[in-house]
Amino acid sequence: MNKKVQQWLRPEIRRLCAYHVPDAGDYIKLDAMENPFCWPEELQQQWLTLLKDSSVNRYPDPQARQLTDVLRREMAIPAAYDIVLGNGSDELIQLIVAIVAAPGRVVLAPSPTFVMYKMVAALMGMDYQSVALSTNYQLDEAAMLDAIAKYQPAVVFLAYPNNPTGNLFSETSVHKIIAASPGIVVLDEAYHAFAAKSFLPHLDQYDNLLILRTVSKMGLAGLRLGLLTGDPAWLREVDKVRLPYNINTLTQITATFALQHSEVFKAQTEELCRHRTQLFAALDAMSGVQAYPTEANFILFRLRNHHADDVYAQLKAAGILVKNLHGSSVDLQDCLRVTVGTASQNASFLDAMASIIHD
Ligand SMILES: *Cc1c(COP(=O)(O)O)cnc(C)c1O
């Protein structure tokens, strides 16, 4: 045992578990909400030419101006709002909490939701409070409003659509929560590409609303690029705690290029949404399986007659990796989450499920 570690390590860091990502191996990877498609050949060639001419001996543009402009245009972000880019939206979650962190202050979110909110709150030495979702994973509006009154949270995180449940929360409830919150409310729209709704049009109604987006789920997870937008008064402060050059040259070039060809990614998103409808219907039709309605690129489902641990293991043995949520929250008993893949990946998954369920 290393005594120095024992002596110096912050207790809240000792209590943290490292974010565990299983080795992908040769599995059909349906566990991490990745886009399953490769780029068309001609796009790859043009991109490689751009990379060949890049200057990695130089520091990247610290403001990533060209990329920010393209993102603003593609996501239709009005000029009145600033944009801060992060090394994935995960980094932005950390920066938002960093500007308000103080001992005793609270980060609030519903449960179950994206695990990074809790992890970042712990890392920043803040108190994390959660409010259980109610039926069909909707917000428990009254309980959320009570918790806001009681804890006066510095930050409220709402994933919209929510991960791992896939649904959009009631718009009315979200409005009430923003209006009642004394601190920042972050609408995390990581799955925006797959959902019909956004709170971007409501930014001008509130002085405490920030909107988080990412290019990860639309097909660029490897680049690590997220975006925060909202009132420049907040964004200027977030920008101060951002480490310089957090968006590397290769990401700036690649994301700019990809977004200039956004029609390719939009077509992929549309295809995935069609697969999502089929996958949902097929899963939900299986006896003993309840699939939950989703506006994201994944489906949460519950096993009524089987243990999620067993089904997870048997899917893995069949070469298919999904996310096992059993044990992560009382509301996710015997639940698994599957990412929508290509037609053939989805078919392999459904075949494997059918034979496991009928064993
Ligand atoms: C995947 C996910 C993120 C992380 O996005 P990155 O930009 O890849 O860091 C953020 N929020 C939610 C709700 C997610 O599901």
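How many of the 359 residues of the protein count as buried? The share is 49%, where buried means under 20% relative accessible area, exposed means over 50%, and partly exposed lies in between (1.4 Å probe, protein chains only). The model is predicted: local features need pLDDT of at least 70 and side-chain atom pairs count only at pLDDT 80 or more, while totals for chains, interfaces and linings use all residues. Residues are numbered from 1 along each chain as its sequence is written, and side-chain values use heavy atoms, with hydrogens and water left out.

The overall fold comes next. The protein has 14 helices and 13 strands; these are DSSP runs numbered from the N terminus, with helices (H or I) of at least four residues and strands (E) of at least two. Its radius of gyration, taken over C-alpha atoms, is 21 Å, close to the 21 Å that the globule rule gives for 359 residues, so the protein is as compact as a globular protein of that length. The globule rule is 2.2 Å times the number of residues to the power 0.38. Along the principal axes, the C-alpha atoms fill a box of roughly 60 × 55 × 55 Å.

Contacts, meaning heavy atoms within 4.5 Å, can be sorted by sequence separation. Of those between residues at least 6 apart in sequence, 71% join residues at least 24 apart.

The ligand is surrounded by 14 residues, each with a heavy atom within 4 Å of it. The closest are Asp188, Tyr191, Thr214, Ser216 and Lys217. By class, this shell has 5 nonpolar, 5 polar and 4 charged residues. Helix H5 (89–98) and helix H9 (216–220) each supply at least two of the shell residues.

A backbone N or O atom of Ser89 is 2.7 Å from a ligand oxygen atom. The side chain of Tyr191 has an N or O atom 2.6 Å from an oxygen atom of the ligand, and a polar side-chain atom of Thr214 lies 2.6 Å from a ligand oxygen atom. Taken alone, the ligand exposes 390 Å², of which the protein buries 94%.

Val115 sits in the loop between strand S3 (106–111) and helix H6 (116–123). Val115 is partly exposed, at 47% relative accessible area.

Note on methods. Polar contact = N/O pair within 3.5 Å; in protein donor to acceptor, adjacent residues only side chain to side chain. Areas by Shrake-Rupley, 256 points an atom, 1.4 Å probe, with all protein chains shown as cover. Nonpolar A, V, L, I, M, F, W, Y, C, P; charged D, E, K, R; others polar.
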